[in-house]
Amino acid sequence: MRASLVLLMIAATAHAETRAQYGGGAQAALASAPTTFDPLRGGPGDAEVAALVFDTPFVIGADGKPRPSLALALDNPDGALRARLALRPDVHFSDGTPLVARDVAASIARALHDPAGWPLAPVKSARAVGAATVELELSRPTPELALLLSTPAAAVTPGGAPPPTVESHKRPIGSGPFVVDGSDAGGVRLSANAGCFAGRAYLNTLALRAFTARSDEAGSYEVGSIQAARHALAALDATGPRRAAVTVDGPQALTGFVAVGRIADADVVRRVLALAINRDRLRRLTVREPATVVKATYDPARAKSEAERRWGQTRPKLALLVDASRFDDRDVAERILADLARAGVELSVDAVDAATYQARVEAGRYQLLLGTAAPPAPDPTLTALALVAAVDPAAARAALQRAPGAAVDLDATRVVPLFVRAARLFVAPELRDLTVDGAGRAGWADAHWLSH
Amino acid sequence: MVVRRIGWLFALALLTAAEPSRGTLDAFADAVVEKARPHLVPARDLDVAVAVAGSWPRLGDDLAALVIARLRKLGLRSVTRGDGDAAWARAAGYERLVRLDLDVGGGRLRASGSVVALSASPWTAPTELRAHLYVETPLDAELRAYLPPVTTPPGRWQARGVPVGDVDVLALDVGDVDGDGRAEVVGATATEAIVWGWDGARLTERRRFPLGGRPAATMPRAPVATVVVDRGAVTARSSLYADGLYAPARGKTIVARGWSFPGVAATCELPAGVDVFAAAGCTPATGLPEHFWTVAGLRGGARPARAAPMAAIDPAGTLWVSLGAPALAPAMPLTVRGVGAQVALVALDRGEFVATSEPVQPGEADAIVVRALAAGLPVAYRADRLPGNVRALAAGDVDGDGRAELVAAVRDRAARRTELWMVN
């Protein structure tokens, strides 16, 4: 067997004790087309870029627990309704302006007034007390506050101002390991932020691109124009890979779901969807990453009778909104279309560009929605609430406001979970220490070339 | 007849005046100069420094001399021997730096390097890589004569590990901390310095110093620490904090500035955001590589400190060794490529050695490689099958038997366990 035909299906292994090299650049595929730099908005591709540009008071460490990042310490006594966040001194945004408590308080305040800021639900208000302390007023004792302050909702922007959209061609200002050099609807170009308090990224430059077809992405990996792909293997099944790759899997935490919009008979539609979709087959045929199906009853006959009871012989016509830049979702949509046809529901797939998709999701302008819920932090409650928040952030906020481990009754929501999968990257073997988190974001700040 | 004889003599004189037969090293130098020449224009306006590094001092010296002679012939304004440090060459007013790194392997001599343009202008980059140089030639009798036979110093080596728990050691040193006349091992993590003493069978913890104070404004992505024991005092520093800690044997601990290294008189500064020290930030100047991960000097033994060998590892993973003593010190340091990030120098009863950590294969533990401090840096011992990565190296008499050991902190990251390995 030619060595060049071998795809290295080994997980990233522990590296020997030589230090990472600084320098070089990398190009990689995004999980979805970029639309905005706002950490509160956008799809999985946007979330990846935002995590590279902005910092949060806490971050999730290798042990899965929150550890201080922008924060030095959190004074949050048991049972208290007031917490104090001490910040690192001498932190600067990439434009050189100091990052102070006022910026952190304003950023948290912005999240409190934004539906997407639901992970900060227990926080009632935030105010700066001096240059390096933020006082948080809480609606309930919040032992998990450090975890919540590690979510994208707590990302700090200058003065708490919302970062620009990709289309505006303006550069966002953050304090993270990368700065944005340029962007368009097809991708984002970044370079290392030499002034990042947590250390400059090892790579000098990083170009993240969205592709219009899976074969384009796989072909780009094959010819070496990208060094990390998200869809390489699936597209190369037929021909066989020609370039070695190491697979890097994140934890299984991304929930694929279908949501029912604010339409007539939404409850009936949800019941039909829940019964008609064969999740096992869906996972087998369309999900190539490590995944498990959500436990549910598959009963197409009952789904059909439910549909006939409500609509009789007239086949209801529904449209499923899909982000066209997410190739996997398009495959899943095709399977759902087939399953619903058997249940007597006529489905059309409404594949739109990423920006339109985001706008319609936020405005609730869809009949059915195919999406992926990413947990804002590795926590079972936040993972479940992220699924609710995908269609009803206010419900997620209310649940989190009530209690730290609020139980969520998914049957009472308009969401039908399908499977829980990991994000997978195919990475050039010479590119080391690239990791993927539970939200599917690649940790580019620690990635480096073996030599360059 | 006389005229005829004169004719023969003249012809003979012409023949003997012709260029002597060219050796392999001459041809090698020609090839190097041929590759560098297009990037050394306009020749008459350039002052050029030539730096040659490798493990074979005489070979390096001769090649440097040949390259310099040929470059002078090209009409360059001046050509001189340099030490490879671009900052030094730039400060000294050179416009170009020709760097060569010699390597012998697989029966071939290889020179790889670069032509670097240097500028003193505030409007242009201080250094700009103009060309990569690469020349190789098979080793023949002439070149082999430059390579002395590598002899491994005699003696049996042993290595043994002692567990010290879940301590993420980033730096080590050995010295008498408590004034009892026996050396202790001092390890630095990102947040504290820990003193272990040998009780005859194992290392027991004697003391802990928390490292703290002002947080560093800008850290490297992976934490870095150094620790030095000198005259009973511990100086430790971690990249998490703006200042270090100086803990004397008696009295209060105080803040320490700069980063200190075992056996090195200089303290250095870590540029913001990275884990690489810059020689330009070391006081006093030490003749270190331009950038380096770590440096160690040989302590103890009969040599005066100024003549002691020193070893550093640069960010390309190259070990640089300066043999130190004037009689032994060549104009160039000895180099070995492809080593890990840790280094220590040790004087044993059978000679002086430099130890480095070396990566083996992805997913496998590191090795400790011990080389004799002699031309060619021959490998004297290699400890494989360690239970993890080598996080730090140091040297000293830990077990009180009157002989120094190498001490390595070996960490199994998955098992969250660290062992201190002693090699002698």
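Author: Two residues are taken to be in contact if their C-beta atoms, placed from the backbone, lie within 7 Å. The model discussed here is predicted.

Reader: Which elements of chain A are included in what covers the buried residues of α7(A)?
Author: Helix α7 of chain A spans residues 279-286, and its buried residues are A:Arg279, A:Leu282, A:Arg283 and A:Thr286. Seen down the axis of α7(A), these residues fall within an arc of 100°, so they line one face of the helix. What covers them includes the following elements of chain A: β14 (291-293), α9 (327-342) and β18 (415-421).

Reader: How wide is the arc that the buried residues of α10(A) cover around the axis?
Author: Helix α10 of chain A runs over residues 354-363, with A:Ala354, A:Ala355, A:Tyr357 and A:Gln358 as its buried residues. These residues are on the same side of α10(A), because around the axis they cover an arc of only 160°.

Reader: How many residues of domain 2 of chain A are in contact with domain 1 of chain A?
Author: Chain A is divided into three domains, of which domain 1 is made of 15-51, 164-250 and 424-451, domain 2 covers 58-160 and domain 3 covers 254-421. The C-alpha centres of domain 1 and domain 2 of chain A lie 27 Å apart. The side of domain 1 of chain A that touches domain 2 of chain A has 8 nonpolar, 4 polar and 1 charged residues. The 13 residues of domain 1 of chain A are in contact with residues of domain 2 of chain A that number 18.

Reader: Which strand gives the largest share of the side of chain B that touches chain A?
Author: Across this interface, 25 residues of chain B are in contact with 21 residues of chain A. By class, the side of chain B that touches chain A has 12 nonpolar, 8 polar and 5 charged residues. The largest share of that side is 3 residues, and these come from residues 389-396 of chain B, which form strand β27.

Reader: Is A:Cys196 buried or exposed, and which residue of chain B is it in contact with?
Author: A:Cys196 is in the loop between β9 (187-192) and β10 (205-209) of chain A. Since 20 or more other C-beta atoms within 10 Å make a residue buried, A:Cys196 with its 25 C-beta neighbours inside 10 Å counts as buried. Leaving aside neighbours within four places in sequence, A:Cys196 is in contact with A:Ser175, A:Gly176, A:Pro177 and, from chain B, B:Gly273.

Reader: What is the bridge partner of B:Gly244 in β14(B)?
Author: Four strands of chain B form an open sheet in the order β11-β12-β13-β14, with antiparallel pairing, and the edge strands are β11 (225-230) and β14 (254-256). Neighbouring strands of this sheet are turned by 25° against each other on average, direction ignored. Strand β13 (residues 244-247) of chain B pairs with β14(B) in the antiparallel sense over 3 bridges. The bridge partner of B:Gly244 in β14(B) is B:Ala256.

Reader: Is B:Arg385, with its positive phi, exposed or buried?
Author: B:Arg385 is found in the loop between β26 (379-383) and β27 of chain B, and its phi is positive, about 55°, although it is not a glycine.

Reader: Where is B:Pro42 found, and what is omega of the peptide bond that joins it to B:Val41?
Author: B:Pro42 lies in the loop between α2 (24-36) and β1 (47-53) of chain B. The peptide bond joining B:Val41 and B:Pro42 is cis, with an omega of about -10°.

Note on methods
Residues numbered from 1 in each chain as written. Chains lettered and ligands numbered in written order. Predicted model: local features only at pLDDT ≥ 70, side-chain atom pairs only at ≥ 80, totals over all residues. Domains from an automatic or database assignment. Nonpolar A, V, L, I, M, F, W, Y, C, P; charged D, E, K, R; others polar. Helix = DSSP H or I, 4+ residues; strand = E, 2+ residues; numbered from the N terminus. Pairing = 2+ DSSP bridges. Axes fitted to C-alpha atoms, helices over the stretch in contact; angles between N-to-C directions. Buried ≥ 20, exposed ≤ 12 C-beta atoms within 10 Å, placed from the backbone. Arc of directions from axis to C-beta.
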